[in-house]
Amino acid sequence: MADYAVEMRDVSKVFGDVVAVDHVSMGIRQKEFFAMLGPSGCGKTTSLRMIAGFERPTSGEIYIDGKAMGNTPPFQRNVNTVFQSYALFPHMTVEQNVGFGLEMKGLSRSEIVRRVGEALELVRLPQMAKRYPRQMSGGQQQRVALARALVNRPDVLLLDEPLGALDAKLRKEMQIELKTLQREVGITFIFVTHDQEEALTMSDRIAVFSKGKVLQIGTPLEIYERPTTRFVADFIGETNFLEGRVQEVNGEFASVIADGGRRFVGRAMDGVRPGVQAVVSVRPEKVQLVEQPDNSPNCYEVRVHSIAYVGSDTRVIVSLGTNHLDVWEQNTVSTLDPNYFFKPGETAWLTFKPENALVLAQ
Amino acid sequence: MTSDSTIILLGERGEIKPKPRGETRRFGVGRFALVTIALFTFAFLYVPIVVLIVFSFNSARTGATWQSFTLQWYDRVFSNTRILEAAANSLIVATLSTLGAVVIGTLMAMAMERYRFRGQSAWDGLLYLPVIVPEIVMGISLLIFFAAVNISRGLLTLIISHIAFCMPFVYLTMRARLADFDRSVEEAAQDLGANEWVTFRRVTLPLLMPGIISSALLAFTLSLDDFVISFFVTGVGSQTLPVYIWGQIRRGITPEINAISALMLVLSIVLVIATQLIQHRQRT
């Protein structure tokens, strides 16, 4: 077995004069739950379609289980797809839909019946075998689509925004179900989504796409805590940006002079050298508001602009010069005292630790 | 008159829906005029046809007077070998030209829907232009064409001509159907191991079938009813029913003609209703 279930080597795809995928290289490990994440039009779906064989790369090569795919048509690749629209065959029953792939492999009638039964058990729809897709809810159709793909025991399962059409509650349920299912069947899952929370919750690793390029590949932890670019920091979760110029780099840390002459210190990421334009990125939950200045180098007096109490935390917007910053204060004290919280118009001291901020080269 | 009180109905899931206020029925002058014009319109459309059908059951040989009910004209139609021969020709031509028009029209529609090329909209226009070409022009041009390439007139020329004028209708119908066709089901079939041919046979064709059947019924009806074009391209011994009827009429309208016409009308209506039903069923 090859190291990678799927590998893309310098793959590009051009439609007319639009570069959909721009020199993408990445390896997806065996039995990994891998997410391709990005806004619409970033190339993630085109990449998935090239792995499935629906599109041919303009240049570069795709390897599935170590074998170069070249012009191998979709029906000769041992991968199966769960389509965004499910793409169930409307003129076939659930049973016939799920059995289609096995029938194509030329399995015996009894073997097909047995495996279709198992697959429907797996997605918890055994009593629906005789129904037609139009007689089912969106969530049920989604499971049929999953069963139809998984029943073939592919090397890799490709999922194209499979939860996009479901309502929020059902989506949460299916996220957990999919993750459990992936562990049970032990198949590599490649999952395309634009929902960063979904990607963080479900994946072993995430590739963040933007404008046809892969900006970063890493575990959810790495992607959230150590984004290497401004785009990734912005796209994944919420963050505050403070723009400025790098003053000095001292080991792991760099200081940035932001507008208003304020100096901030954070972890120096790739490409940070004295004199370059940079941005300090700090997550709202990693910033505190205090009444007295502390000894952090990132401590400045701010004015409270607005506050919103959201239960688990209190979301405060403060102004620091011309910047507005989001601060999420954890509600660690149970209180009904309204004076416990800062009020709009009051001044406070904003502080965050250098190790909680990132200095990203622009 | 409806009152302003709102009638409360229980909806499917038990939620309460206010009933929309019904339209007020007013038997005023406007309504009287509306009904009169509507009735007049229907009379204008259907009285001649009803008269034809009624007189096909009239025992009087000539004239517009009713004598008594009879089925003898129908009996004569079915024992007249020349009529039966013409009817057989019509059915052969309609069946084969429908087959030809459906195959060519459907494949053309698929090609035009799925590929993009330079000048495509011009080719697209050329494909359905025959729909608006006057029949007499098409008839004459086909006649000249067959004479030029030296094909003697007969069933073959009829079939070729009928394919030519039915095909654009099939093409138009299938283009409309294909525009709503979700191609991801074809990708799904290929993803599951079906090659192009199996995908076409097991997925594409069954899903297009309602459209194919309704365009086939349309083509069949058009072919069966066609007179003008058939008149130009028909040969000795290959007369279709409408051409035969026209030949007979020159010697005066007989009740037999009424009976054949009534039969053709019934067949056409059946085909049109079948088309409508199939289209309706696909939409729901």
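Two residues are in contact here if their C-beta atoms, placed from the backbone, lie within 7 Å. Keep that cut-off in mind for the first stop. The model is predicted.

**Stop 1: where the chains touch**

Show chains A and B together. The contact takes 18 residues from chain A and 14 residues from chain B. Now colour helix 7 (184-191) and helix 8 (196-225) of chain B; these are the elements giving two or more residues to the side of chain B that touches chain A. Which of them gives the most? Helix 7 of chain B does, with six residues. Colour this side of chain B by residue type. Its residues divide into seven nonpolar, four polar and three charged.

**Stop 2: two domains in chain A**

Select 4-230 of chain A for domain 1, then 238-354 for domain 2. Over C-alpha atoms, the centres of domain 1 and domain 2 of chain A are separated by 40 Å.

**Stop 3**

Select residues 4-15 of chain A, which form strand 1, and residues 18-29, which form strand 2. They pair in the antiparallel sense over eight bridges. Click Lys13(A): its bridge partner in strand 2 of chain A is Val21(A). Then go to the turn. Two residues lie between the strands of this hairpin, and Gly16(A) takes a positive phi near 60°.

**Stop 4: a pair of packed helices**

Select helix 2 (residues 94-104) and helix 3 (residues 109-122) of chain A. Their axes are 9 Å apart, and the helices pack at an angle of about 125°. That makes helix 2 of chain A oblique to helix 3 of chain A. The crossing of helix 2 past helix 3 of chain A is right-handed.

Show side chains at the contact. From helix 2 of chain A, take Glu95(A), Val98(A), Gly99(A), Leu102(A) and Glu103(A). They meet Ile112(A), Arg115(A), Val116(A), Ala119(A) and Leu120(A) in helix 3 of chain A. How do the residues of this contact of helix 2 with helix 3 of chain A divide? They are six nonpolar, one polar and three charged.

**Stop 5**

Move to strand 9 (residues 205-210) and strand 10 (residues 213-218) of chain A. The pairing is antiparallel, over five bridges. Ser210(A) stands opposite Lys213(A) in strand 10 of chain A. These strands form a hairpin with two residues between them.

**Stop 6**

Five strands of chain A close into a barrel in the order 11-12-13-20-14, with mixed pairing. On average, neighbouring strands of this sheet are turned by 50° against each other, direction ignored. Pick out strand 11 (residues 240-250) and strand 12 (residues 253-258) of chain A, paired in the antiparallel sense over six bridges. Val249(A) has Ala254(A) in strand 12 of chain A as its bridge partner.

**Stop 7: the open sheet**

Last, select strands 15-19-16-17-18 of chain A, listed in their order in an open sheet of five strands with antiparallel pairing. Why is one side of strand 15 (288-290) and of strand 18 (323-330) left without a neighbour in the sheet? Both stand at the edges of the sheet in chain A, so each has a single partner strand. The twist averages 45° from one strand to the next.

Finish on strand 16 (residues 299-309) and strand 17 (residues 313-320) of chain A, an antiparallel pair with six bridges. Ser306(A) has Ile317(A) in strand 17 of chain A as its bridge partner.

Definitions and conventions: Residues numbered from 1 in each chain as written. Chains lettered and ligands numbered in written order. Predicted model: local features only at pLDDT ≥ 70, side-chain atom pairs only at ≥ 80, totals over all residues. Axes fitted to C-alpha atoms, helices over the stretch in contact; angles between N-to-C directions. Helix = DSSP H or I, 4+ residues; strand = E, 2+ residues; numbered from the N terminus. Parallel < 35°, antiparallel > 145°, perpendicular 65-115°, else oblique. Left-handed = near helix turned anticlockwise from the far one by under 90°. Nonpolar A, V, L, I, M, F, W, Y, C, P; charged D, E, K, R; others polar. Pairing = 2+ DSSP bridges. Domains from an automatic or database assignment.
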